[in-house]
Each structure stands twice: as structure tokens, then as C-alpha cells.
Amino acid sequence: MSSADRSRPLKVWLDDRPERDPPAEEGWTIVRTPAEVVALLETGEVEELSLDHDLALWDESGREITGDEVVTWLMEAVVTRSFAPPKQIVVHSGNPAGRRRMELGIEAIYRRSGAGSTSRTG
């Protein structure tokens with residue numbers, strides 16, 4: 001990413017399936033793992049975030065890695081270091097239970113940060 005790209009707010013899209021990626025002209029930065037999302041969040045430049053739950057990823061011990069890890073990271077960052085969450089967080093997962101768990105976490109993040117919820121499903 002060039003320095004010119006970094007000067008404008010980021011829209012970050014997390015999904016494991018390229019066929020669900022938004023068109024390039026919509027300006028999303030497309031990532032495939034929660035670690036990539038966290039790295040971008042750490043820049044403080046992410047204003048919009050769209051998350052999938054099921055990512056077809058597992059760690060070395062066989063534990064599933066999901067989009068919920070981003071929500072967990074955000075909550076910890078908000079609580080422990082007053083991190084400002086993105087202005088808008090969207091959950092576009094087709095997994096109803098995972099989507100609901102993430103939405104509840106996002107609501108808690110906005111309550112804790114005092115930013116007010118701008119979470120919605122996609």
C-alpha cells in the first residue's frame with residue numbers, strides 16, 4: 001500500500017471466498033485473515049469494516065479461526081487502551097449464530113467506547 005493510499009480512510013473487507021468480494025471500484029481493502037484485519041486496525045485509519053464469520057482457517061491445534069477474533073481483539077483494545085473502533089462495522093456472514101455473536105460483541109464495543117452503534121448486517 002502506498003503512502004498516498006494510507007492518507008485516506010480504509011474500508012476493510014474480511015472474507016475467505018473471493019467470489020463474495022466487493023467490486024474493486026468500491027474501494028475495499030480485501031483481506032483473508034483476522035491477523036490482517038488487526039494489522040490494519042492498528043494503523044488507526046480503518047473507518048469501515050465488513051466481517052465474515054466462517055473463514056475456513058484453523059490454527060496448529062485444530063481450533064477454528066473466525067471473524068469473531070476481530071471482534072474480540074477490538075473489545076480488548078477498547079477496554080485496555082481506549083482504542084477507537086471503526087465508525088462502521090458490518091457483519092456479512094451467512095452463519096446466523098456466528099453473525100449474532102459478532103453483532104452482540106460489536107454492540108458492546110460501541111457501548112464501551114461511547115461511540116454509539118453503527119453495526120448492521122450485510
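Reader: Is tryptophan 13 buried or exposed?

Author: First, the ground rules: this is a predicted model, with local features needing pLDDT of at least 70, side-chain atom pairs counting only at pLDDT 80 or more, and totals for chains, interfaces and linings using all residues. Residues are numbered from 1 along each chain as its sequence is written, and side-chain values use heavy atoms, without hydrogens and water. Buried means under 20% relative accessible area, exposed over 50%, and partly exposed in between, with a 1.4 Å probe and protein chains only. Tryptophan 13 has a relative accessible area of 11%, so the residue is buried.

Reader: How are the rings of tryptophan 13 and tryptophan 28 arranged?

Author: Rings of Phe, Tyr and Trp (its six-membered ring) pair if their centres lie within 6.5 Å; planes under 30 degrees apart are stacked, over 60 edge-to-face, the rest tilted. Here the centres are 5.6 Å apart and the planes are at 70°, so the pair is edge-to-face.

Reader: Which elements hold tryptophan 13 and tryptophan 28?

Author: Helices (H or I, at least four residues) and strands (E, at least two) are DSSP runs, numbered from the N terminus. The two residues are 15 apart in sequence, so their pair ties together strand E1, with tryptophan 13, and strand E2, with tryptophan 28.

Reader: What angle do the planes of tryptophan 73 and phenylalanine 83 make?

Author: Tryptophan 73 is in helix H3 and phenylalanine 83 in the loop between H3 and E6. Tryptophan 73 is buried at 18%, and phenylalanine 83 is buried at 13%. Their ring centres are 5.2 Å apart, and the pair is edge-to-face because the planes are at 75°.

Reader: How far apart are the end C-alpha atoms of helix H3?

Author: The expected span is 1.5 Å times one less than the number of residues. For the 14 residues of H3 (68–81) that gives 20 Å, which agrees with the distance in the model, 20 Å.

Reader: At what angle do H2 and H3 pack?

Author: Contact means heavy atoms within 4.5 Å. Pro34, Val37, Val38 and Leu41 in H2 meet Glu69, Val70, Trp73 and Leu74 in H3. Axes are lines fitted to C-alpha atoms over the stretch in contact, with angles from 0 to 180 degrees between N-to-C directions. The axes are 9 Å apart, and the angle is about 35°.

Reader: What phi does serine 82 take?

Author: Most residues other than glycine have a negative phi. Serine 82 lies in the loop between H3 and E6 and is exposed, at 67% relative accessibility. Although not a glycine, serine 82 has a positive phi of about 55°.
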